[in-house]
Every structure is written in structure tokens, then in C-alpha cells.
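Today I open my notebook on the ligand site and the domains around it. Have a look along with me.

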Amino acid sequence: MTETAKLIIDGKTYELPVITGLENEKAIDIRKLRAETGYITYDPGFGNTGSCQSAITFMDGENGILRYRGIPIEQLAEHSTFVETAYLLIHGSLPTREELTNIRVVLNDQSMVHEDMQEFFTNFPSRSHPMNILSAMVNALRSFYPELMTTEELIERTMLRLLSKVRTLAAVSYKISRGHKVVYPRPDYTYCQNFLNMMFDSPVNPYIPDDDLVNALNLFWILHADHEQNCSTAAVRVVGSGRVNIYASVSAGIAALWGPLHGGANQAVIVMLEEIQKNGGDINKAVAKAKDKNDPFRLMGFGHRVYKTYDPRAKIMKETCDKVLAKLKISDPLLDSARKLEEVALKDDYFIDHNLYPNVDFYSGIVLKAMGIPTNMFTVMFAIGRLPGWISQWKESMDDPHWRLSRPRQIYIGKAKGDYLPIDER
Ligand code: ACO
């Protein structure tokens, strides 16, 4: 018998169907609620709202579990590459050797960007944030590739085009922001080697990608590749629900990711740690400030809407951070501050009571800094990593038999009906 939930309103009982997910997650199906009862639900921030059924990523925030297409993040971090993980997210299973070779060929073929796009870059004001530029450029891709995604083949090509070109666009934006010559992708380099090379190679200082840094980059991007219905992915789905093209949807995702409460937190963590150092390294002062209800300051890189325990990605990122810094023989005082801050916060009653643990952004900025990535590019790095997630979620939403235009309701609390007053009577 199908399970139902009972709702009593004004003495009348309504039976609402219950949906159970694969991992026994329960949801009350309220699709007919308004039609049958006249009521809507109120859930700011959508903390209790399931917006779709998805087969891509599973998260258990209470137990710190994250799986892409059923595979634990720890196993992917240990054995996979970013391109293989992207294939897994988009296609639902790991690629065979042949499939992996094919996708690499297409990524290579698609890696150049139209030369005219370079003109766009040079006309942005020099102080533009790279996330601003990236969001605009991804939207602009639609003008260069206007073909409709009418067949499976065209859909596949468009998804891979995005995956390949966004990486190139990011590196080009960095080079142009520095006034340096743009470096083109190389066919003999892997996805991650190519990115590092496009960022750091120069005619006077040839760059040889270091295997450990390439591995760290692969891992960084695998850890960011998807995170179910987070703010930016929800933005991609909401925008896509109007049946707009994938470039515009992903561009909206990039804009959403920019915020310091979401992907912008990796940059905000470094700013916070530098600020703590500037003020004499007083960790306790920063913790006290974060607890003060009259102060808007929060510990950046701490807390998560879903994880109420240590973010599994943060654990892996912390280990990578130690490895990368040891390999590069870097002793970064920011890492010492981060470790101390984590130690103090995890013992503090406020953070314990509020279930606030380090999230993926807490250590990732230190890893990126060690790789030589400038701070204002950190969130761009996150965006490249999140692309497979946005693409696979966009595709899933397009194929969803329960698809509907996203259009939440509201509870109006404004002025009651009033009359228009001619200008002289106001
Ligand atoms: N520092 C201090 N207090 C915090 C923090 C923090 N980092 N995060 C949450 N809290 C407190 C809030 O003040 C609130 O306290 P109260 O209940 O006593 O008023 C309580 O914890 C719940 O906070 P909410 O904002 O309601 O929690 P929500 O789930 O909406 O927020 C969020 C999650 C936005 C990530 C929040 O923890 C935060 O702002 N963290 C810092 C920014 C950050 O690191 N963002 C990256 C998240 S991971 C990602 O997107 C990739």
C-alpha cells in the first residue's frame, strides 16, 4: 500500500502521498496541495523543499556522505580523473577505455575559443572580477554556437564544448587581465595539464606541468564536480526550466556561485585569514566576532546547509593541502592560522551546538594559492569544477517527465488596495 501523510486543516483531513528515495529519504508530495486545500507552503531558502527527483548525486549531511552516481567521493578522489568523473556525472556510469579516449578527442577538438572573443575580454574594465567576465563570456558562447540541441549528438557536442571551452576562457581571462600573451591549448596535454599550461606558460618562462600539481588540480575539480541542489545548480535548473539554452543557464549558475556564502567563500576564507594575521593572529578574537549576534561577520569556510558534520570534501582537501605544501616546500602562515582556527572553533560550544564544521572552501584556497592561482580566480576554479554538475543537472531536468516551469509562490505582506493619486495630490 502506498504510504501517505495526513494533514489536517480547518478540521478537514487531507492525505498526501509520500515519496521514498533510494536511500530511504522521505518526502511529502504536495503537488496538489493548493488545488485541494487552497494553502501553499512557506519555506524561505528551500531548506525543506525537494525541487526534483535526481539520480546524479547523493548527500547525507548527518553522516558526511557524498556519492556521484553511487560512487563514494573518497574512491573517486583516490582513483579517478576530473574528465572521467565528468563523464560519470553526465552519462551515469564510468567510461570504458574507448569512451574515455573519444571524450578526450572531443575535448581537445573543442578547446579553442573563437578569436573574436578575445576582443570582448579586452573591453572589460581592467578591475572586472573574473567571475563577472566568465559569466558574460559563457552566455556569449551561445552567439558563436547558435545551433539548437535537437539531437543526442548535438546535445553531447554542446556539453563537451562547454566543458572544454570554459577552461580555456578562464585561462585566457587571466592572461589578458595580466596583459600577457594568450597561451593556446596543446593536443598532447591532458585537461588539467592544459589548464595549468594556459595559465602559467610564457614565451620567456616555459612551463612544465608538475605531476603532483596536476593530480592536486584533478582532485580539486573532482571534489567540486557536483553537490546536488546547491544554490548555483538550483539557479541552473530554475533558469533552464524556462527552456532557455544551456549557455544562458550555466551563465546564471556562474553568477550564483560568485556569492561569498556559496562558491565565493574560497576567496573569502583567504581574505579572512589574512585579516586575522594583520590583526596580530588573534584566533579567539575572530571566533568571538563570529559568535556575536550583533556582528554580521561569520567564519568563512565554516558551516553548510546540508552537512551537520565534517564536510567529506574538506577532509580530503585538508590532506591535499598538506601534501601540496610539503611537495612545494612552502610554509604558509595562513595554513597555520587555518589549523589553529579549526582547532579552536571545533572545541567551541557555539560551533558544536550549531553543528558548524569546516566545509570544502576552508582549505581549498590555500591549495590554490600554493599552485600559484591568484585569489580573484579561486571562484573561477570552483566554477570549472562544478561544470559537470551543472551540465548533468541541466540535462536531467530537460529529460525529466515531471518537468514544470519553476515558479514559486509568495505570501503577500505589502500594502492593501489603494487608489492611484494624481501627482499634485501626493
Ligand atoms: N560562522 C558563524 N555562525 C554561523 C556560520 C558561520 N560560518 N554559519 C552559520 N552560522 C550560524 C548562524 O548565525 C545561525 O545562528 P543562529 O541560529 O543562532 O541565528 C545558524 O548558524 C544557522 O545559520 P543559517 O545561515 O541559517 O544556516 P544556513 O544553512 O542557511 O547557511 C551557510 C549555510 C550559508 C553556508 C552558512 O553556514 C555560512 O554563511 N557559512 C559561511 C560561508 C561559507 O563558508 N560558505 C560556503 C558553503 S559551502 C559551498 O557553498 C561551496
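I call a residue near a molecule or strand if one of its heavy atoms lies within 4 Å of it. I am working with a predicted model, where local features need pLDDT of at least 70 and side-chain atom pairs count only at pLDDT 80 or more, while totals for chains, interfaces and linings use all residues. Residues are numbered from 1 along each chain as its sequence is written, and side-chain values use heavy atoms, with hydrogens and water left out.

**Entry 1: the ligand shell.** I found 20 residues around the ligand, with Arg-298, Leu-299, Gly-301, Arg-305 and His-354 coming nearest. I sorted the shell into 10 nonpolar, six polar and four charged residues, counting Ala, Val, Leu, Ile, Met, Phe, Trp, Tyr, Cys and Pro as nonpolar, Asp, Glu, Lys and Arg as charged, and the others, Gly among them, as polar.

**Entry 2: polar atoms at the ligand.** Next I looked up N and O pairs within 3.5 Å; within protein, one must be able to donate a hydrogen and the other to accept it, and residues adjacent in sequence count only if both atoms are side-chain atoms. Leu-299 has a polar backbone atom 2.8 Å from a nitrogen atom of the ligand. For Gly-301, a backbone N or O atom lies 2.8 Å from a ligand oxygen atom. His-262 uses a polar side-chain atom, 2.9 Å from an oxygen atom of the ligand.

**Entry 3: the domains.** I noted domain 1 (4-60), domain 2 (69-262 + 390-399) and domain 3 (265-371), with bounds from an automatic or database domain assignment. Domain 2 and domain 3 each give at least three residues to the ligand shell. Their centres, taken over C-alpha atoms, are 27 Å apart.

**Entry 4: between domains 2 and 3.** I see 19 residues of domain 2 in contact (heavy atoms within 4.5 Å) with 18 residues of domain 3. How many salt bridges are there between domain 2 and domain 3? I count two, each a side-chain nitrogen of Lys or Arg within 4 Å of a carboxyl oxygen of Asp or Glu. Asp-210 forms a salt bridge with Lys-327, their closest N and O atoms being 3.3 Å apart.
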